[in-house]
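Reader: Could you take me through one part of this model closely, the cluster of aromatic rings? I would be glad of some background on the whole chain before you get there.

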Amino acid sequence: MALRFYATGNYQTVTGDLKDFSQSTVCRCIQRVSIILAERLHNYVKFPTTVDDQQKNIRKFYQIARFPNVAGCIDGTLIKIACPAKQIEEIFRCRKGFFALNILATVGPRGEFLFIDVRHPGSTHDNTCFDRSALKLYFEQNLIKGLLLGGNGYGCKSYLLTPVLHPVNQFKRDYNESHIKTGNIIEKTFGRWKRKFSCLKRGLLNKLDNAIAIICELPQYFGICIFT
């Protein structure tokens with residue numbers, strides 16, 4: 001039942017009707033499965049741990065558009081959720097007007113998730129999500145070799161490069177072209193992720209804690225879908 005819900009995004013009542021279960025039973029199944037799998041997130045969604053594997057990713061990124069020393073591409077995406085408690089609902093209202101979670105993610109050269117953070121409400125700016133994340137500490141403490149590529153919503157740093165806003169010469173235009181071609185992989189990954197799991201594209205009507213658990217565990221399945 002949980003897998004059917006993730007894949008189709010059907011209402012829980014519809015999912016239950018297919019197997020003659022009540023909506024409350026389907027809800028409990030989705031909750032339990034999601035929490036069990038979300039607890040294993042960091043076993044599967046992580047940066048390469050060895051120098052050799054990190055260098056392999058850097059070489060694969062270089063093959064896309066000849067941008068050197070890239071360890072990952074970073075961006076945020078909004079996932080619609082049900083209205084949370086009234087006392088906090090407005091901090092979850094995103095710039096597009098609906099209630100959402102702002103998901104911070106980093107992907108590798110094959111579109112695999114390397115990092116994901118689902119803690120932030122929809123009104124949080126992308127750069128704020130990054131500033132509060134463990135990912136920033138990893139790079140500031142040089143625990144991960146290489147660079148992050150991000151959009152202009154992020155502050156440019158020694159380890160996080162963004163496009164040049166007003167390129168005035170060919171060198172900067174070439175830089176932007178290579179940056180954008182390489183960084184596009186995360187937008188494509190978000191698109192494929194939401195198509196694979198329609199519940200994310202439609203939005204989650206579950207309670208907030210359950211919605212967070214569902215989002216946490218789906219990148220693990222996505223990796224399995226890509227690589228097997």
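Author: Of the 228 residues of the protein chain, 47% count as buried, where buried means under 20% relative accessible area, exposed over 50% and partly exposed in between, with a 1.4 Å probe and protein chains only. Do keep in mind that this is a predicted model, in which local features need pLDDT of at least 70 and side-chain atom pairs count only at pLDDT 80 or more, while totals for chains, interfaces and linings use all residues. Residues are numbered from 1 along each chain as its sequence is written, and side-chain values use heavy atoms, with hydrogens and water left out.

The secondary structure comes to 10 helices and 5 strands; these are DSSP runs numbered from the N terminus, helices being H or I with at least four residues and strands E with at least two. Along the principal axes, the C-alpha atoms fill a box of roughly 65 × 40 × 30 Å. Among contacts in the chain with a separation of 6 or more, 63% are between residues 24 or more positions apart, contact meaning heavy atoms within 4.5 Å.

Now to the rings you asked about. The whole structure holds 8 aromatic pairs. Rings of Phe, Tyr and Trp (its six-membered ring) pair if their centres lie within 6.5 Å; planes under 30 degrees apart count as stacked, over 60 as edge-to-face and the rest as tilted. One of the pairs is F130 with Y159: the ring centres are 6.4 Å apart and the planes stand at 50°, so this pair is tilted. It links distant parts of the chain, since F130 sits in helix α6 (residues 126–131) and Y159 in the loop between β4 (147–149) and β5 (160–161), 29 residues apart. F130 is buried, with a relative accessible area of 0%, and Y159 also counts as buried, at 9%.

Y159 has another partner in F139, and here the pair is stacked, at 6.0 Å centre to centre with 20° between the planes. This pair, too, links distant parts of the chain: F139 belongs to helix α7 (residues 134–140), 20 residues from Y159 in the loop between β4 and β5. F139 is buried as well, with a relative accessible area of 5%. Taken together, ring pairs join F47, F130, F139, Y154 and Y159 into a cluster.
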